[in-house]
Amino acid sequence: MSIKTIVVTITEADEAARVVGTALDLAERLDAHLVGVGVKRPIAVPVYSMGAIPDTVLEQLDSAEDERLGKLREAFQHQVKLADWTARSDWRVYAAPMAMAVAEAARCADLIVIGQPVDDNVPDDVAMLAGDLVMNASTPILMVPNIGAKPIAGGEALVGWNGGREAARALHDALPMLRLAGKVTLVTVGGDAVVSGEEAAEYLARHDLKVTLQHEPSTELDPGDVLLNLAADRDARLIVIGAYGHSRLREYVLGGSTRTILDHMTVPVVLSR
């Protein structure tokens, strides 16, 4: 189990230092190739007005989108140059809806790195990117928080465990990153996952990981809040969770604990389904 190709996408140039920086740190430590992905969004024009919009206006909109992508590429390449990783990276542009483009770019990759939305005013495709990728991508996702992110290597990693398939998938997918951690704590909430938690801890120990199993009692807190509180108390560097979601018409909705963590995260989070 290894990570040798990492896909990273940014939607604003200002994200590059934290999002591309995190991806580069992993690429260096894991000896991986880094693929920067820019997404050229389709021009959104109401069907009823398509014939009324002059071609010059459409050309201007297309030119503005190309200019935006140019700035993203410059920001990506600047970070790559700073890390001296130019020879182990490339930049690709996909013209498709956001999540579809990133999922396609990651078909032959081992990890997708994205940033947590800056605020509630971002476009819908950015706000929903994590949920869309969870439901559609064949690759685990690492989301980098807006603030507070520290290098994963050497710190403590918290793994949320409930014995379910999604949690098991996340555990397997995160192994290369867990090997970078100085300590791994497997966290169960309530009594249902205690037995399987012990089995999971033994599994990680066989991979030569230093593992501690921690049982947290059931409370009124959402399990996501329990993990976030532990991360804050321990100064953790990574959270690993199985992502739960379902399709509601054409909108992908993340489950309660998953959404809680992504809304309030202060450390990078691995999502897998």
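Predicted model: local features only at pLDDT ≥ 70, side-chain atom pairs only at ≥ 80, totals over all residues.
In strand β12, Val-269 is the bridge partner of Met-143. That contact belongs to a set of three bridges that join β5 to β12 (residues 269-272), two strands that run antiparallel.

## Around strand β5

Strand β5 spans residues 141-144 and is covered on both faces. Ile-141 and Met-143 are buried on one side. Leu-142 and Val-144 are buried on the other. Four bridges join β5 to β4, and here the pairing is parallel.

β5 is part of an open sheet of 10 strands with mixed pairing. The order is β3-β2-β1-β4-β5-β12-β9-β6-β7-β8. The edge strands are β3 (89-95) and β8 (211-216), and each pairs on one side only. From one strand to the next, the twist averages 25 degrees.

Further along that order, β6 (residues 156-160) is joined to β7 (residues 183-189) by five bridges. These two strands run parallel. Gly-160 faces Val-187, which stands opposite in β7.

## Helix α3 against the sheet

Which strands does helix α3 lie across? Helix α3 (residues 98-105) lies across β1 (5-9), β2 (33-40), β3 and β4 (111-115). Its direction makes an angle of about 155 degrees with β2.

Six of the eight residues of α3 are buried, so the helix is largely enclosed by the rest of the structure. The buried residues are Met-98, Ala-99, Ala-101, Val-102, Ala-103 and Ala-105. They pack against β1, β2, β3 and β4, and also against α4 (124-127) and α5 (129-136).

## The chain as a whole

The protein chain has 10 helices and 12 strands. Of its 273 residues, 48% count as buried. Among contacts with a separation of 6 or more, 81% come from residues 24 or more positions apart. The chain exposes about 13300 Å², and carbon and sulfur atoms supply 51% of that area.

## Salt bridges

A search of the whole structure finds 14 salt bridges.

| Pair | Closest N and O atoms |
|---|---|
| Arg-88 and Asp-31 | 2.9 Å |
| Asp-90 and Arg-92 | 2.8 Å |
| Arg-169 and Asp-173 | 3.2 Å |

Take the pair of Arg-88 and Asp-31, a salt bridge. Arg-88 lies in the loop between α2 and β3, and Asp-31 in the loop between α1 (16-30) and β2, so the pair ties together parts that are 57 residues apart in sequence. Arg-88 is partly exposed, with a relative accessible area of 29%. Asp-31 is partly exposed too, at 41%.

Asp-90 and Arg-92 form another salt bridge. Asp-90 counts as partly exposed at 24% relative accessibility. For Arg-92 the value is 34%, again partly exposed.

Arg-169 and Asp-173 both sit in helix α6 (residues 165-173). Being four residues apart, they are separated by about one helical turn. Is Asp-173 buried or exposed? Asp-173 is buried, because its relative accessible area of 18% falls below the 20% limit. Arg-169 is partly exposed, at 36%. Elsewhere, salt bridges that share partners join Lys-4, Asp-31 and Arg-88 into one network.

## Three loop aspartates

Most residues other than glycine have a negative phi. Asp-84 has a positive phi of about 55 degrees although it is not a glycine. Asp-84 sits in the loop between α2 (55-82) and β3. With a relative accessible area of 66%, Asp-84 is exposed.

Asp-235 also has a positive phi of about 55 degrees, and it is not a glycine either. The loop holding Asp-235 runs between α9 (223-234) and β9 (238-242). Asp-235 counts as partly exposed, at 39% relative accessibility.

Asp-119 lies in the loop between β4 and α4. Asp-119 counts as partly exposed, at 38% relative accessibility. How far apart are the C-alpha atoms of Asp-119 and Asn-146? They are separated by 9.2 Å, while the two residues are 27 residues apart along the chain.

Technical notes. Residues numbered from 1 in each chain as written. Heavy atoms only, no water. Pairing = 2+ DSSP bridges. Axes fitted to C-alpha atoms, helices over the stretch in contact; angles between N-to-C directions. Contact = heavy atoms within 4.5 Å. Buried < 20%, exposed > 50% of the residue type's maximum accessible area, 1.4 Å probe, protein only. Areas by Shrake-Rupley, 256 points an atom, 1.4 Å probe, with all protein chains shown as cover. Salt bridge = Lys/Arg side-chain N within 4 Å of Asp/Glu carboxyl O.
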